[in-house]
Amino acid sequence: MTTITIRRGRPEDLARVHELIVELAIYERAPEEVTNTLVDMHRDGFGPEPIFGFFVAETPEQGILGIALFYTAYSTWKGRMLYLEDLVVTEAARGTGIGKKLFDAVVAEARRTGAYRLKWQVLEWNEPAIGFYKRIGANLDPEWFNGNMTADQLQAYACDAAVVEAVEANTLRNE
């Protein structure tokens with residue numbers, strides 16, 4: 001069997017990472033939702049204030065076959081946590097143990113950074129992923145709804161003008 005290497009992602013990996021993100025979006029029936037660009041990813045992952053990290057799984061012959069992209073989040077109840085945004089293994093390499101190795105890397109990162117919790121989401125119809133998470137003993141919580149706003153909704157939302165001004169001035173007061 002070919003040797004699989006798990007390592008931290010580097011800027012030169014971003015084009016392949018983006019391809020895998022698009023592959024995941026196609027699998028999840030939402031390819032039109034990917035609006036992130038390589039420029040954005042480079043800024044956000046390797047700029048002056050990086051907000052995400054990632055691991056890659058690769059072989060010498062096939063290159064990058066999977067990624068695990070994560071970021072630090074915060075729980076008011078628990079404190080520091082790591083959020084696993086995406087765990088993607090290219091379709092041809094699924095079932096080879098790459099996903100488990102990438103997940104292990106994220107768990108090791110959570111431990112290394114002192115996280116008290118690791119969180120992620122999985123679509124209710126993604127039976128292979130649900131099966132994977134159940135096999136590793138993860139909790140899949142049916143009680144919580146996921147909230148989000150699109151870029152258009154963020155722009156259309158009517159914020160209190162005084163609050164916006166205070167945020168932009170970096171001073172919040174209760175008036």
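# A first walk through the predicted model

The end C-alpha atoms of residues 4-170 lie 47 Å apart, and this span is 37% helix and 23% strand.

Student: Where does that span come from, and what kind of model is this?

Tutor: The model is a predicted one, and the span comes from UniProt, where an unreviewed entry places the feature "domain: N-acetyltransferase" at residues 4-170.

Student: How many helices and strands does the protein have, and in what order do they run?

Tutor: There are 6 helices and 5 strands in the protein, and from the N terminus on the elements follow the order β-α-α-β-β-β-α-β-α-α-α.

Student: What box do the C-alpha atoms fill, and what share of the residues is buried?

Tutor: Taken along the principal axes, the C-alpha atoms fill a box of roughly 65 × 35 × 35 Å, and buried residues make up 35% of the 175 residues. If you look at contacts between residues at least 6 apart in sequence, 55% of them join residues at least 24 apart.

Student: Ok, the sheet next. What's the strand order?

Tutor: The sheet is open and has 5 strands in the order β1-β2-β3-β4-β5, with mixed pairing. At its edges stand β1 (5-8) and β5, and each has a single partner strand, so one side of each is left without a neighbour in the sheet. On average, neighbouring strands of this sheet are turned by 25° against each other, with direction ignored.

Student: And β1 with β2, is that pairing parallel or antiparallel?

Tutor: Strand β1 pairs with β2 (residues 53-59) in the antiparallel sense, over 4 bridges. As one example you can look up in the structure, Ile6 has Ala57 in β2 as its bridge partner.

Student: Which helices lie on those strands?

Tutor: Helix α1 lies across β2, β3 (63-75) and β4 (79-89), and its direction is at about 80° to β3. Helix α3 (residues 98-112) also packs on the sheet, where it touches β1, β2, β3, β4 and β5, and its direction makes about 165° with that of β4.

Student: Let me pick a residue in β2, say Thr59. Buried or exposed?

Tutor: Thr59, which has its place in strand β2, is buried, with a relative accessible area of 5%. Leaving aside residues up to four places away in sequence, Thr59 touches Thr2, Thr3, Ile4 and Leu65.

Student: Switching topic: how many aromatic pairs are there?

Tutor: The count comes to 10 aromatic pairs. One of them joins Tyr27 and Trp125, whose ring centres are 5.8 Å apart and whose planes stand at 45°, so this pair is tilted.

Student: Why does that pair tie together parts that are apart in sequence?

Tutor: Tyr27 lies in helix α1 (residues 14-27), whereas Trp125 lies in the loop between β5 (117-119) and α4 (127-135), so the pair ties together parts that are 98 residues apart in sequence.

Student: How accessible are Tyr27 and Trp125?

Tutor: Tyr27 is partly exposed, with a relative accessible area of 31%, and Trp125 also counts as partly exposed, at 30% relative accessibility.

Student: Which arginines lie over the faces of those rings?

Tutor: Arg29 lies over the face of Trp125, at 3.9 Å from the ring centre, while Arg94 lies over the face of Tyr27, at 5.1 Å from the ring centre.

Student: Which rings form a cluster?

Tutor: Ring pairs link Phe103, Trp120, Phe132 and Tyr133 into a cluster. Two of these names come up again in helix α4, where Ala129, Ile130, Gly131, Phe132 and Tyr133 are buried.

Student: What covers the buried residues of α4, and what follows the helix?

Tutor: The cover over the buried residues of α4 includes β4 and α3. After α4 comes Gly137, whose phi is positive, near 85°.

Student: Last one, Lys100: where does it lie and what does it touch?

Tutor: Lys100 lies in helix α3 and is partly exposed, with a relative accessible area of 38%. Not counting residues up to four places away in sequence, Lys100 touches Phe132 and Ile136. The C-alpha atoms of Lys100 and Tyr133 are separated by 9.5 Å, and these two residues are 33 residues apart along the chain.

Methods: Residues are numbered from 1 along each chain as its sequence is written. This is a predicted model: local features need pLDDT of at least 70, side-chain atom pairs count only at pLDDT 80 or more; totals for chains, interfaces and linings use all residues. Side-chain values use heavy atoms; hydrogens and water are left out. Rings of Phe, Tyr and Trp (its six-membered ring) pair if their centres lie within 6.5 Å; planes under 30 degrees apart count as stacked, over 60 as edge-to-face and the rest as tilted. Helices (H or I, at least four residues) and strands (E, at least two) are DSSP runs, numbered from the N terminus. Buried means under 20% relative accessible area, exposed over 50%, partly exposed in between (1.4 Å probe, protein chains only). A charge sits over a ring if NZ of Lys or CZ of Arg is within 6 Å of the ring centre and within 35 degrees of the ring normal. UniProt positions are given in the numbering used here, feature names are shortened, and annotations may be inferred rather than shown by experiment. Two strands pair if DSSP finds at least two bridges between them. Axes are lines fitted to C-alpha atoms, for helices over the stretch in contact, and angles run from 0 to 180 degrees between N-to-C directions. Contact means heavy atoms within 4.5 Å.
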